[in-house]
Amino acid sequence: MSTTGANADPLAALGALPGVADSVESVRKAVDRVYGHRIMRRRSNEITSEAALRGARGTAALSGADWALEEVRRRTDFSGDDDARVVGAALRLTAEAGQLLSIWRQSPLRVLARLHLVAAAGKAASVGRPRQDGEPVDEPLVALPLPGATEVSGRLEGLAELIIAGGSAPALVTAAVVHGELLALRPFVSHNGLVARAAERVVLVGSGLDPKSVCPAEVGYADLGREAYREALDGYVSGTPDGVAAWIAHCGRAVQLGARESTAVCEALQRGAA
């Protein structure tokens, strides 16, 4: 879906699609429940750390490295094989995303380049910059037609302009569009899914919806499954109102499931403190 057009605030227009307002409200209520938990008043740093770990596990699972949470927790070496490198990239991105909030609103393309650099952890010429025509893309989860480099550049610039301009769109809508555009474009030669979900996290935190990063949508996406993820993305790429609304709703359900996960962590900590 192109985010450019005659509408002065196209992201806000997406918020008016049928069902989107309900998704936005459901997400807000789910997030508020976590932040209102008594454990959050005393141990929010622990919840944030646990959410980061679980979010990293979830995003890695979507990219094909479906490790048990305890395996992610105990491992220290993430260089042994392809799956280990994916999990390592997910953990690095989760840690890095929180350091980029102040840059995002001024230079989102710089943030995306940094996220790819962190994920790829390499020195190849293709790392940290948009791909060029003819360069292959390693993204097994997304099998959609691959846009050319010129289209990628134009749509990235349009997305960046919308982010810098700000607007009245709900955080969920902006996060879903950022996520969907990056998956549709696959602007880098690798790690596009990991980068897209990390960028969504930056939006959700930086917007103030989830300032402590305790509602990991990545957990929700993994719970909902790769097939549902692909189907929802197909709707976004179709550009139809129903398809885009369904993608935003899918992103909203993922945030709600992430919030539910952290609520369960709060409850477990509360029982342990009783």
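Q: How are α7 and α10 oriented to each other, and why?
A: This is a predicted model, so that applies to everything below. Helix α7 (residues 108-120) and helix α10 (residues 192-206) pack at an angle of about 130°, and are therefore oblique to each other. Their axes are 10 Å apart.

Q: What hand does the crossing of α7 and α10 have?
A: The crossing of α7 and α10 is right-handed.

Q: Which residues meet there, α7 to α10?
A: On the α7 side they are L112, L115, H116 and A119. On the α10 side they are V195, A198 and A199. Sorted by class, the residues of this contact of α7 with α10 are 6 nonpolar and 1 polar, with no charged ones.

Q: OK, and α9 with α10: at what angle do they cross?
A: The axes of helix α9 (residues 171-185) and α10 cross at roughly 165° and come within 8 Å. The two helices are therefore roughly antiparallel to each other. Why that word: angles over 145 degrees count as roughly antiparallel. The crossing of α9 and α10 is right-handed.

Q: Which residues of α9 and α10 meet?
A: From α9 there are A171, T174, A175, A176, V178, H179, L182 and L183. They meet G193, V195, A196, R197, A199, E200, V203 and L204 in α10. The residues of the contact of α9 with α10 divide into 11 nonpolar, 3 polar and 2 charged.

Q: Back to α7. How does α5 pack on α7?
A: Helix α5 (residues 82-97) packs with α7 at an angle of about 145°, and their axes are 8 Å apart. The crossing of α5 and α7 is right-handed. In α5 the contact is made by A89, R92, L93 and E96, and in α7 by R114, L115, V118 and A119. By class, this contact of α5 with α7 has 5 nonpolar and 3 charged residues, and no polar ones.

Q: And L117, where does that sit?
A: L117 lies in helix α7.

Q: Is L117 buried, exposed or partly exposed?
A: L117 has 35% relative accessibility, so L117 counts as partly exposed.

Q: What is L117 in contact with, beyond its sequence neighbours?
A: Setting aside neighbours within four places in sequence, L117 is in contact with G122, V127 and G128. As for R129, L117 and R129 are 12 residues apart in sequence, and their C-alpha atoms are 8.4 Å apart in space.

Q: Different topic. How many disulfides are there?
A: The count comes to 0 disulfides.

Q: Are C215 and C266 buried or exposed?
A: C215 counts as buried because its relative accessibility is 1%. C266 also counts as buried, at 0% relative accessibility.

Q: Last one, Y221. Which helix is Y221 found in?
A: Y221 is found in helix α11 (residues 217-224). At 0% relative accessibility, Y221 counts as buried.

Q: What is around Y221, leaving aside neighbours within four places in sequence?
A: Y221 is in contact with L62, H179, R197, E200, Y229, H250, C251 and A254. Of these, H179 is in the α9 side of the contact with α10, while R197 and E200 are in the α10 side.

Q: How far is Y221 from E181?
A: Y221 and E181 are 40 residues apart along the chain, and their C-alpha atoms are separated by 17 Å.

Conventions: Residues are numbered from 1 along each chain as its sequence is written. This is a predicted model: local features need pLDDT of at least 70, side-chain atom pairs count only at pLDDT 80 or more; totals for chains, interfaces and linings use all residues. Side-chain values use heavy atoms; hydrogens and water are left out. Axes are lines fitted to C-alpha atoms, for helices over the stretch in contact, and angles run from 0 to 180 degrees between N-to-C directions. Helices (H or I, at least four residues) and strands (E, at least two) are DSSP runs, numbered from the N terminus. Angles under 35 degrees count as roughly parallel, over 145 as roughly antiparallel, 65 to 115 as roughly perpendicular and the rest as oblique. A crossing is left-handed if the near helix is turned anticlockwise from the far one by less than a right angle, and right-handed if clockwise. Contact means heavy atoms within 4.5 Å. Ala, Val, Leu, Ile, Met, Phe, Trp, Tyr, Cys and Pro count as nonpolar, Asp, Glu, Lys and Arg as charged, and the others, Gly among them, as polar. Buried means under 20% relative accessible area, exposed over 50%, partly exposed in between (1.4 Å probe, protein chains only). A disulfide is a pair of cysteine sulfur atoms within 2.5 Å.
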